[in-house]
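Thank you for making time for this. Please have the sequence and the model open while I talk, and I will take you through a few of its parts in turn.

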Amino acid sequence: MRKELLKKVKRVVVKIGSGVLTDENGGVDPRFLDGLAAQVAELSGKGVEVVVVSSGAVAAGRQALGLPDRPRTLPQKQAAAAVGQSRLMRAYEEAFSSYDLKVAQILLTRDDLANRRRFQNARGTLDTLLACGIIPVINENDTVVVDELKFGDNDNLSALVTNLVEAQLLLIMTDIDGLYTADPRTDPSATLIHQVGAVTRELERGAGGSGTSVGTGGMATKLAAAKKVVKSGVAAIIFAGRGERTLSRVMQGELLGTLFLPAGESLNRRKHWIAFTIKPAGSIVVDAGARDVLSRHGRSLLPSGIAKVEGRFDRGACVRVLDPEGVEFARGITDYSSQEVEKIRGHQSGEIEQILGFRYGDDVIHRDNLVLL
Ligand SMILES: Nc1ncnc2c1ncn2[C@@H]1O[C@H](COP(=O)(O)OP(=O)(O)O)[C@@H](O)[C@H]1O
Ligand SMILES: N[C@@H](CCC(=O)OP(=O)(O)O)C(=O)O
């Protein structure tokens, strides 16, 4: 199964966590990077395109700023990232040049990918770099983001990048050998899970936060990232980045880490972007009948099935679609603003023009713009 999946991989996103990349003192570990560069060179030699998503800027900057501990305030973290990012890239350049590989720095914020034009632009740049045989090294643009514009963690970023570049595989290299039933740092009875067919609530309950002073998000964010990529028919493997040539061994099909199998039905790239990249601006609560036709029959959302509108949003915004119990089951792009939906909710589509004085169409969310979660 693994080998079959891996054979199809022409483009892979490799995410590297801070804990893997830094040594005991928090600085970038040149030995790790040298090993990584050798393995990336091997993959490139076999015709596999590699995109790296690398953490480590804050950890590398912390040491340079002389902070004794993990930065506490946002400005401290941003200052550490500003100092650390250039050190990080210098270390990448040095390590990769020994194997005749060039690297390129790409810093992204959530806003960049949420804007469809910038998303397409980023895609164009990445495609061009890969066509030139250059290895893109992506990180969050920590120095400029405030909370609402953040990916928050690079696991999430790596899932969105996988969708952006349409890679067939996401590899998450971390400081532990995969997903366990519970955090083994706190639960000695936890066991390693080798393969995941579906990300269940039980798995999510067992995936905790980071166990180190440099990591962000822990296993919970890795699981969330894997869940996002499998939805678009892509596999993910979480495995230990340290250890003898683990990247090459995983790519050869050795049974290391935890493999997440791609979902049978997959979202196209645009629907994946609607579901996971843009931030919802509000919510639409639907009645039970509408929930059924949307989720079972893949229909569009009409005004007649809408019970309530929450928040303020414009036409073209992304909104959450909630069932009568308030549970989100879909997301979509709305054709009407919150004020307009408020007026037409509960009415037949034929009445829209009479109520508003104009109409864009019969649907509030067309099925092409609606994603079931
Ligand atoms: N169920 C689990 N299985 C494995 N690790 C877990 C689990 N729950 C929490 N963790 C913790 O997640 C850590 C890895 O995440 P993190 O520290 O954020 O690493 P990275 O810097 O690679 O992103 C592990 O070292 C472990 O302590
Ligand atoms: N952008 C931050 C990394 C944030 C992050 O998610 O870290 P990690 O959990 O180690 O992957 C940095 O470069 O320090």
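**Binding sites and their surroundings**

UniProt, in an unreviewed entry, places the feature "binding site" at Ser55, Asp142 and Asn154; its positions are given in the numbering used here, feature names are shortened, and annotations may be inferred rather than shown by experiment. Although these residues are spread over 100 residues of sequence, they cluster in space, with a largest C-alpha distance of 10.7 Å.

Before going on, please keep in mind that this is a predicted model, in which local features need pLDDT of at least 70, side-chain atom pairs count only at pLDDT 80 or more, and totals for chains, interfaces and linings use all residues. Residues are numbered from 1 along each chain as its sequence is written, while chains are lettered from A and ligands numbered from 1 in the order in which they are written.

Let me take Ser55, which sits in the loop between β2 (49–54) and α4; helices (H or I, at least four residues) and strands (E, at least two) are DSSP runs, numbered from the N terminus. Is Ser55 buried or exposed? Ser55 counts as buried because 29 other C-beta atoms lie within 10 Å, where buried means 20 or more such atoms within 10 Å of the residue's own, exposed means 12 or fewer, and partly exposed is in between, with C-beta atoms placed from the backbone. Leaving aside neighbours within four places in sequence, Ser55 has contacts that include Ile16, Gly17, Asn139 and Asn154, a contact being two C-beta atoms, placed from the backbone, within 7 Å.

Asp142 belongs to the loop between β4 and α8 (154–165), and Asp142 is buried too, because it has 23 C-beta neighbours inside 10 Å. Beyond four places in sequence, Asp142 is in contact with Ala57, Val58, Lys77, Gln78 and Ala81.

Now to the ligands. Ligand 2 is surrounded by 16 residues, of which the closest are Ser18, Ser55, Ala57, Val58 and Thr216; a residue is near a molecule if its C-beta atom, placed from the backbone, lies within 6 Å of it. Two or more residues of that shell come from each of α4 (57–65) and β4 (135–140), and α4 has the largest share, three residues. By class, the shell around ligand 2 has four nonpolar, nine polar and three charged residues, with Ala, Val, Leu, Ile, Met, Phe, Trp, Tyr, Cys and Pro counted as nonpolar, Asp, Glu, Lys and Arg as charged, and the others, Gly among them, as polar.

Which residues are closest to ligand 1? They are Gly17, Ser210, Gly211, Gly215 and Met219, out of 24 that surround ligand 1. The shell around ligand 1 divides into seven nonpolar, 14 polar and three charged residues, and its largest share, three residues, comes from α2.

Asp175 lies in the loop between β5 (169–174) and β6 (195–196), and is partly exposed because it has 18 C-beta neighbours inside 10 Å. Its C-alpha atom is 9.5 Å from that of Gly211, although the two residues are 36 apart along the chain.

Finally, the whole chain. The protein chain is divided into domain 1 (2–271) and domain 2 (280–372), with bounds from an automatic or database domain assignment, and 36 Å separate the two centres, taken over C-alpha atoms.
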